[in-house]
Amino acid sequence: MHAPPVQRLVTELGRLPGIGQRTAQRLAFHILRTPPEEANALADAIREVKEKIGLCEVCFNLADEARCRICQDERRDGGVICVVEEPGDVIPIERTHEFHGRYHVLGGALSPIDGVDPEHLKIAELFRRVDDGAGQVREVVLATNPTTTGEATALFVADGLRERAPQVTVTRLASGLPVGGDLEYADEVTLGRAFAGRRAV
Ligand SMILES: [Zn+2]
């Protein structure tokens, strides 16, 4: 049995995704061995990110101001909105240099089994954004992950858009992305191709 402070660290680390008990323990012992300034830098980085980073009021991407950098960039085309699941999905798409529009981050994917319903995601906010755009939005690209939940989310959003804004073209990334994979891990060539070859749905 560890001393309570060590146990607390193991417990907290074990809450991280993909970190089992054994890894949590290994990380905790690693932190115990590192010099105080290094360990404190990690603690400070966690504290700072929680204090300074919030969600963009327009697209729900990560932002250190009211609006994210992409929403603040006047050169980005407001007529095309790319819908992704997580803020982490914006980065690989940016890296392809294929996309010059704006984003909308849903904050996850629909999964009724896990209790994730439409109202838990920023779907209503997307519909409102398209409505408020007063005809400015020409295309919505659905770039949710090629997984069961990602596909279900894309279908739901596409249906909603067709009903509310039939003038808007709704597209989905071309196949070629590994099925069941995560956008975050797709290489930029594959993702760039999927973007260029997107089709209306
Ligand atoms: Zn934004």
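Me: Are F99 and Y103 buried or exposed?
Reply: This is a predicted model, where local features need pLDDT of at least 70, side-chain atom pairs count only at pLDDT 80 or more, and totals for chains, interfaces and linings use all residues. Residues are numbered from 1 along each chain as its sequence is written, and side-chain values use heavy atoms, without hydrogens or water. Buried means under 20% relative accessible area, exposed over 50%, and partly exposed in between (1.4 Å probe, protein chains only). By that rule F99 and Y103 are both buried.

Me: Why is the pair of F99 and F195 called tilted?
Reply: The ring centres of F99 and F195 are 5.3 Å apart. F195 is buried, and F99 is too. The pair is tilted because its planes stand at 45 degrees.

Me: How many residues apart are F99 and F195?
Reply: Helices (H or I, at least four residues) and strands (E, at least two) are DSSP runs, numbered from the N terminus. F99 sits in the loop between α5 (90-96) and β4 (101-105), while F195 belongs to helix α8 (residues 188-196). This pair links distant parts of the chain, and the separation is 96 residues.

Me: Which residues have the most contacts inside the largest nonpolar core?
Reply: A nonpolar core is a set of buried Ala, Val, Leu, Ile, Met, Phe, Trp, Tyr and Cys residues joined through side-chain atoms within 4.5 Å. The largest one has 23 residues. α4, β3 (77-84), α5, β4 and α8 each supply at least two of its residues. The most contacts inside it belong to C82, V84, I93, F99 and L173.

Me: In what order do the strands of the open sheet stand?
Reply: Two strands pair if DSSP finds at least two bridges between them. β3 pairs in the parallel sense with β4 over 5 bridges, and 4 bridges join β3 to β5 (residues 139-142), also parallel. The sheet has 5 strands with mixed pairing, in the order β4-β3-β5-β6-β7.

Me: Which strands stand at the edges of this sheet?
Reply: An edge strand here has a single partner strand, so one side is left without a neighbour in the sheet. β3 is mostly covered, with 7 of its 8 residues buried. The edge strands are β4 and β7 (199-200).

Me: Which residue in β5 is the bridge partner of I81?
Reply: I81 stands opposite R102 in β4. In β5, its bridge partner is V140.

Me: What is the arrangement of the 4 donor atoms around the zinc ion?
Reply: Donors are N, O and S atoms within 2.8 Å of the metal (3.2 Å for Na, K and Ca); water is not among the atoms, so sites may look incomplete. Here the protein donors are the SG atoms of C56, C59, C68 and C71, lying 2.3 Å from the zinc ion. Four donors count as tetrahedral if all angles lie between 85 and 135 degrees. These angles run from 104 to 118 degrees, so the arrangement is tetrahedral.

Me: Is E65 buried or exposed?
Reply: E65 lies in the loop between β2 (62-63) and α4 (69-72). Its relative accessible area is 52%, so E65 is exposed.

Notes. Rings of Phe, Tyr and Trp (its six-membered ring) pair if their centres lie within 6.5 Å; planes under 30 degrees apart count as stacked, over 60 as edge-to-face and the rest as tilted. Four donors count as tetrahedral if all angles lie between 85 and 135 degrees; four count as square planar and six as octahedral if opposite donors are over 155 degrees apart and all others between 65 and 115; anything else is irregular.
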